[in-house]
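Please read it alongside the sequence and coordinates shown here.

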Amino acid sequence: MMFHRYWPIALLAPVLGFLLGTAVLGVMTMGGNPQARAGQTIEGVVRSVLGFGSVGLAVSIAALIGGVVLVACVDRQLEKTSGARSAWAALGAASGVLVLGIVFATVEGVIGEGWAYLIITFTLVLAAAAGIVAAFLVYRMERRSERIPPTRVEHLLPSAWVEF
């Protein structure tokens, strides 16, 4: 039941994550140093777009996994209200991003140069953004499922048991 209702989110989330990652690059580039912008080559821009886009993709996949796991654990049969499912999806998405950030900060703290606090700070911002986007997407899917009634399944071989 969950798959039938939320499959568009599973297709849209990675694309949206990649696009939001590249949007962050655009905001940073436009608000950054003009001399740095003037010295960029096409190769540097493509590398930056792919780098920021892949970070956005990883964050969106972590948010998707976190949201699906929490909604599946709490409301497997989709019996609770749509607002509760939106809240659980937002909390699960934020939790998934937090887990990803904590893992990266731990690895960086062990083998890196001590930038783990910066990764945790960015992770908190990304978790809040992922939670908001997840709540919006689930809310839209819930409204769509309320407008479109479920189709009745026609059985190939009707019998008295099917009609009962």
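Of the 164 residues of the chain, 27% count as buried, where buried means under 20% relative accessible area with a 1.4 Å probe and protein chains only as cover. The model is predicted, and local features need pLDDT of at least 70, side-chain atom pairs count only at pLDDT 80 or more, and totals for chains, interfaces and linings use all residues. Residues are numbered from 1 along each chain as its sequence is written, and side-chain values use heavy atoms, with hydrogens and water left out.

The chain has 6 helices and 0 strands, these being DSSP runs (H or I of at least four residues for helices, E of at least two for strands) numbered from the N terminus. Among contacts (heavy atoms within 4.5 Å) between residues at least 6 apart in sequence, 74% join residues at least 24 apart.

The axes of helix 1 (residues 2-30) and helix 5 (residues 116-147) come within 10 Å and cross at roughly 145 degrees, the axes being lines fitted to C-alpha atoms over the stretch in contact and the angles running from 0 to 180 degrees between N-to-C directions. The residues that make this contact are tabulated by helix.

| Helix | Contact residues |
|---|---|
| helix 1 | Arg-5, Tyr-6, Pro-8, Ile-9, Leu-12 and Leu-16 |
| helix 5 | Val-133, Leu-137, Val-138, Met-141, Glu-142, Arg-144 and Ser-145 |

In helix 3 (residues 42-74), the buried residues include Gly-53, Gly-56, Ala-62, Ala-63, Gly-66 and Gly-67, and the buried residues of helix 3 pack against helix 1, helix 4 (82-111) and helix 5.

Methods:
The expected span of a helix is 1.5 Å times one less than its number of residues. Buried means under 20% relative accessible area, exposed over 50%, partly exposed in between (1.4 Å probe, protein chains only).
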